[in-house]
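Visitor: I'd like to learn to read a structure step by step. Please start with the ligand, then move on to helix packing.

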Amino acid sequence: MKTRFLFIGMGMVISMLAISVILFTITDEPWILVSGGLLTVCAIAWLLLCTRFFAKRLSLFTKGLCQTMDRMINNGEKPVQVGDTETIFARISYRLFRLYTIMQENRRKVEEERQELQMLISDISHQVKTPVSNLKMVTDTLLEKPVTIQEQRDFLQGIRSQTDKLEFLFQSLVKTSRLETGAIQLEKKDNPLLDTLALACSGIVYGAEIKNISVTVQCPEDLHLCHDSKWTAEALFNLLDNAVKYTPKGGKICVSVEQWEMYVKLDVTDTGKGILESNQAAIFRRFYREEEVHEEPGVGIGLYLAREIITQQGGYIKVTSEIGNGSTFSVFLPWN
Ligand code: ADP
């Protein structure tokens with residue numbers, strides 16, 4: 001800035017001197033030379049004054065800007081907004097204010113993610129604690145006490161079931177985290193819904209047979225829907241698996257499909273124990289299990305994962321249930 005002012009000043013001085021000399025040579029009047037010189041001196045003085053004034057204003061402005069930005073960065077302080085004018089200060093202040101809003105939003109998101117991570121870690125440590133302490137107890141007993149062959153078999157069976165639980169927990173966590181972070185992208189394609197249902201049902205045939213539970217599926221053969229078949233089957237399997245787990249021997253499970261204008265509605269209905277109304281929202285939370293089901297295998301991640309898969313495809317899940325009369329989990333999947 002200073003160099004530019006000096007450059008302009010030099011140009012002005014040289015032009016004024018040159019004009020004065022030319023006029024003097026034409027008129028031969030010495031007062032022209034004197035007044036030309038005086039004019040040049042005045043111009044230099046005003047130019048110097050202007051340069052100082054602008055330099056001071058600029059340095060004040062830069063100082064203020066730096067202070068505001070420092071306060072924004074260090075203390076998250078809100079910048080002062082200049083009125084609705086079109087000056088350069090107002091324009092900069094407006095942009096600073098926008099930057100501040102974006103920074104605040106990012107801070108809020110980071111804080112939210114930090115809290116979620118903390119909760120997840122404490123949930124995982126809580127889930128892992130029981131199987132690990134069981135494993136320690138069983139191995140200590142095996143190492144320190146004389147046990148019969150039968151007891152040895154029972155203990156090894158216990159070790160096996162605890163490691164299965166840990167493996168299942170680990171795999172479910174990897175799946176949910178990959179889905180949540182977008183590492184796994186669902187691929188929606190036009191697929192027959194019956195194929196997806198068949199895939200989901202194949203996983204529960206054995207369990208249902210052991211408990212003598214009848215499974216009926218009502219779905220039109222030619223019904224095509226744009227969805228990720230593999231992951232939707234996984235979500236439906238989780239619902240069906242729960243239906244088998246929480247339905248007593250001799251019960252019934254019915255899968256039915258309805259075609260709505262915007263969605264295809266898939267109902268998984270069982271004649272199981274039912275879910276208290278006060279628990280119906282909580283059961284979709286990660287690691288949530290009702291008190292009374294602790295005898296049943298599971299870690300409380302099935303419904304959470306199912307909801308994640310369905311929401312990622314633009315759909316949703318809801319539950320209606322009555323204690324003692326069974327439950328219906330309804331999956332709504334959009335046509336496209
Ligand atoms: P998990 O079955 O491993 O406990 P889920 O996330 O699949 O975990 O289910 C969470 C809880 O919801 C279960 O612990 C159970 O209390 C309840 N629940 C889920 N499905 C049913 C069902 N069909 N009937 C009764 N209760 C159910």
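Visitor: How far does a backbone N or O atom of V299 lie from an oxygen atom of the ligand?

Guide: Look for polar contacts, pairs of N or O atoms within 3.5 Å (within protein, one must be able to donate a hydrogen and the other to accept it, and residues adjacent in sequence count only if both atoms are side-chain atoms). For V299, the backbone N or O atom is 3.1 Å from a ligand oxygen. G300 also places a backbone N or O atom by a ligand oxygen, at 3.0 Å. Y246 uses its side chain: an N or O atom there is 2.8 Å from an oxygen of the ligand.

Visitor: What should I know about the source of these values?

Guide: This is a predicted model, where local features need pLDDT of at least 70, side-chain atom pairs count only at pLDDT 80 or more, and totals for chains, interfaces and linings use all residues. Residues are numbered from 1 along each chain as its sequence is written, and side-chain values use heavy atoms, leaving out hydrogens and water.

Visitor: How are two packed helices described?

Guide: By the angle between their axes and the distance between the axes. Axes are lines fitted to C-alpha atoms, for helices over the stretch in contact, and angles run from 0 to 180 degrees between N-to-C directions. Helices are DSSP runs (H or I, at least four residues), numbered from the N terminus. Take α2 (residues 30–75) and α3 (residues 88–144): the angle is about 15 degrees, and the axes are 11 Å apart. The two are therefore roughly parallel, a word for angles under 35 degrees. Their crossing is right-handed, with the near helix turned clockwise from the far one by less than a right angle.

Visitor: Which residues of α2 and α3 meet?

Guide: Contact means heavy atoms within 4.5 Å. In α2, F61, L65 and M69 are among them; in α3, they include F89, L96 and Y100. The contact holds 11 nonpolar, 1 polar and 2 charged residues.

Visitor: At what angle do the axes of α3 and α4 cross?

Guide: Roughly 165 degrees, and the axes come within 9 Å. That makes α3 roughly antiparallel to α4, the term for angles over 145 degrees. α3 passes α4 in a left-handed crossing.

Definitions and conventions
Parallel < 35°, antiparallel > 145°, perpendicular 65-115°, else oblique. Nonpolar A, V, L, I, M, F, W, Y, C, P; charged D, E, K, R; others polar.
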